[in-house]
Amino acid sequence: MEKSIKSELIGVFAYDEDCKTFKASNGEILWTLNIRNELVDKNEMIKRAEKLFTFLENFEQKAKIAITEKLINYKNDFWPEYDEDDENLNWDAVDAGEYDITKEEFAEAITLYAIEIRADDIYCEYYDGDLFGGHRIHAYFDNDYKLLNADV
């Protein structure tokens with residue numbers, strides 16, 4: 001097995017034998033090529049990673065919107081921005097949604113941390129901006145960059 005693969009756009013991907021992946025860090029984002037499936041063509045994986053890299057900013061914007069749409073209700077219903085034990089809490093304001101985080105605030109809070117190119121999809125991991133108590137957001141996209149699922 002090769003010890004590394006060079007991408008002209010992303011940099012050098014080093015082989016991680018334990019995980020059977022190639023990993024590279026480009027700025028703030030960790031890139032991974034998942035080759036656990038031995039039928040995967042490494043050159044094709046690099047091409048897919050480089051294609052995504054070329055319009056990463058656009059992808060990030062659209063991904064944040066899709067993730068927000070998927071998780072905003074979960075955030076506002078189960079991870080409130082108020083203290084339920086506050087005896088002075090105005091429950092009418094809570095019911096009216098006055099404490100809810102907006103879609104804009106949600107999308108601005110999350111930050112892309114890692115991208116894993118896999119055989120059948122793309123996995124992305126986001127910092128939650130403390131929306132979910134520091135937990136990571138996991139997002140799965142098809143190879144046309146459409147959100148398949150997102151969870152915490």
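Trainee: Which residues do ring pairs link into a cluster?

Mentor: The model is a predicted one. It holds 13 aromatic pairs. Ring pairs join five side chains into a cluster, namely Tyr74, Phe78, Trp79, Phe106 and Phe132.

Trainee: Is the pair of phenylalanine 59 and tyrosine 145 stacked, tilted or edge-to-face?

Mentor: The ring centres of phenylalanine 59 and tyrosine 145 lie 5.8 Å apart, and their planes meet at 70 degrees. Angles over 60 degrees fall in the last of your classes. The pair is therefore edge-to-face.

Trainee: How many residues apart are the two partners of that pair, phenylalanine 59 and tyrosine 145?

Mentor: Phenylalanine 59 belongs to helix α2, whereas tyrosine 145 sits in the loop between β7 and β8. The pair thus links distant parts of the chain, its partners being separated by 86 residues.

Trainee: Is tyrosine 145 buried or exposed?

Mentor: The relative accessible area of tyrosine 145 is 19%. Buried means under 20%, so tyrosine 145 is buried.

Trainee: What is the geometry class of the pair formed by tyrosine 123 and tyrosine 140?

Mentor: The centres of these two rings are 5.3 Å apart, with 45 degrees between the planes. Stacked pairs need planes under 30 degrees apart and edge-to-face pairs over 60. The pair of tyrosine 123 and tyrosine 140 is accordingly tilted.

Trainee: Which residue lies over the face of tyrosine 113?

Mentor: The distance from the ring centre of tyrosine 113 is 4.5 Å. The residue over that face is arginine 136.

Notes: Residues are numbered from 1 along each chain as its sequence is written. This is a predicted model: local features need pLDDT of at least 70, side-chain atom pairs count only at pLDDT 80 or more; totals for chains, interfaces and linings use all residues. Side-chain values use heavy atoms; hydrogens and water are left out. Rings of Phe, Tyr and Trp (its six-membered ring) pair if their centres lie within 6.5 Å; planes under 30 degrees apart count as stacked, over 60 as edge-to-face and the rest as tilted. Helices (H or I, at least four residues) and strands (E, at least two) are DSSP runs, numbered from the N terminus. Buried means under 20% relative accessible area, exposed over 50%, partly exposed in between (1.4 Å probe, protein chains only). A charge sits over a ring if NZ of Lys or CZ of Arg is within 6 Å of the ring centre and within 35 degrees of the ring normal.
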